Amino acid sequence: MNLYIGNLAWGVTDQELQELLSQYGNVASAKVVTDKITKRSRGFGFAEMPNEDEAQRAINELNGKPVKGRNITINEARPREPRA
């Protein structure tokens, strides 16, 4: 299952995101989205967890919980909308 993680603190790294989610199961990948020019975090990221039950448990346990001082949002990622 692909996950969207929003409202991340600016200092959260890919590794920290992976470690956070790995408490709930296997994490195939975790990536914090960064600005192309400044290389700074944009405050959200995506992760892939192959086991849907583990991914759902991560959503249930982490959504709205504080991580590095900010309450994160986590849910199933939606497909990207085509741009005009």
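Tutor: A residue is called buried under 20% relative accessible area, exposed over 50%, and partly exposed in between, using a 1.4 Å probe and protein chains only. Tyr4 is partly exposed, at 28% relative accessible area. This is a predicted model, where local features need pLDDT of at least 70 and side-chain atom pairs count only at pLDDT 80 or more, while totals for chains, interfaces and linings use all residues. Residues are numbered from 1 along each chain as its sequence is written, and side-chain values use heavy atoms, leaving out hydrogens and water.

Student: How many aromatic pairs does the whole structure have?
Tutor: A pair of aromatic rings is described by the distance of the centres and the angle of the planes. Rings of Phe, Tyr and Trp (its six-membered ring) pair if their centres lie within 6.5 Å; planes under 30 degrees apart are stacked, over 60 edge-to-face, and the rest tilted. The search of the whole structure gives 3 such pairs. One of them is the tilted pair of Tyr4 and Phe44, with 6.0 Å from centre to centre and 35° between the planes. Tyr4 belongs to strand 1 (residues 2–6) and Phe44 to strand 3, so the pair links parts of the chain 40 residues apart; strands (E, at least two residues) and helices (H or I, at least four) are DSSP runs, numbered from the N terminus. Together with Phe46, Tyr4 and Phe44 make up one aromatic cluster.

Student: Which residues line the largest pocket?
Tutor: Rolling a probe the size of a water molecule over the atoms shows where empty space is left. On a 1 Å grid over the protein atoms alone, probed at 1.4 Å, a pocket is an open set of points with protein on both sides within 12 Å along at least five of seven lines, and lining residues have an atom within 4 Å of a point. Here the lining consists of Val33, Thr34, Asp35, Lys36, Arg42, Phe44, Phe46, Arg78, Arg80, Glu81 and Arg83. Strand 2 (29–34) and strand 3 (41–48) are the elements giving two or more residues to this lining, and strand 3 gives the most, with 3 residues. The space in the largest pocket is about 310 Å³, a volume being the space filled by probe spheres set on the grid points, which are joined across faces, edges and corners.

Student: What classes of residue does that lining have?
Tutor: It has 3 nonpolar, 1 polar and 7 charged residues. Ala, Val, Leu, Ile, Met, Phe, Trp, Tyr, Cys and Pro count as nonpolar, Asp, Glu, Lys and Arg as charged, and the others, Gly among them, as polar. The second largest pocket, of about 190 Å³, includes Tyr4 and Phe46 in its lining, which divides into 4 nonpolar, 1 polar and 4 charged residues.

Student: How many salt bridges are there?
Tutor: Side chains of opposite charge can pair when their charged atoms come close. With a side-chain nitrogen of Lys or Arg required within 4 Å of a carboxyl oxygen of Asp or Glu, the count is 2. Asp14 and Lys31 meet at 3.5 Å, N to O; Asp14 is in helix 1 (residues 14–22) and Lys31 in strand 2, 17 residues apart. In the other bridge, the closest N and O atoms of Glu16 and Lys68 are 3.0 Å apart. Glu16 lies in helix 1 and Lys68 in the loop between strand 4 (66–67) and strand 5 (70–71), so this bridge ties together parts 52 residues apart in sequence.

Student: Is Lys68 buried or exposed?
Tutor: Lys68 is exposed, at 51% relative accessible area, whereas Glu16 is partly exposed at 29%.
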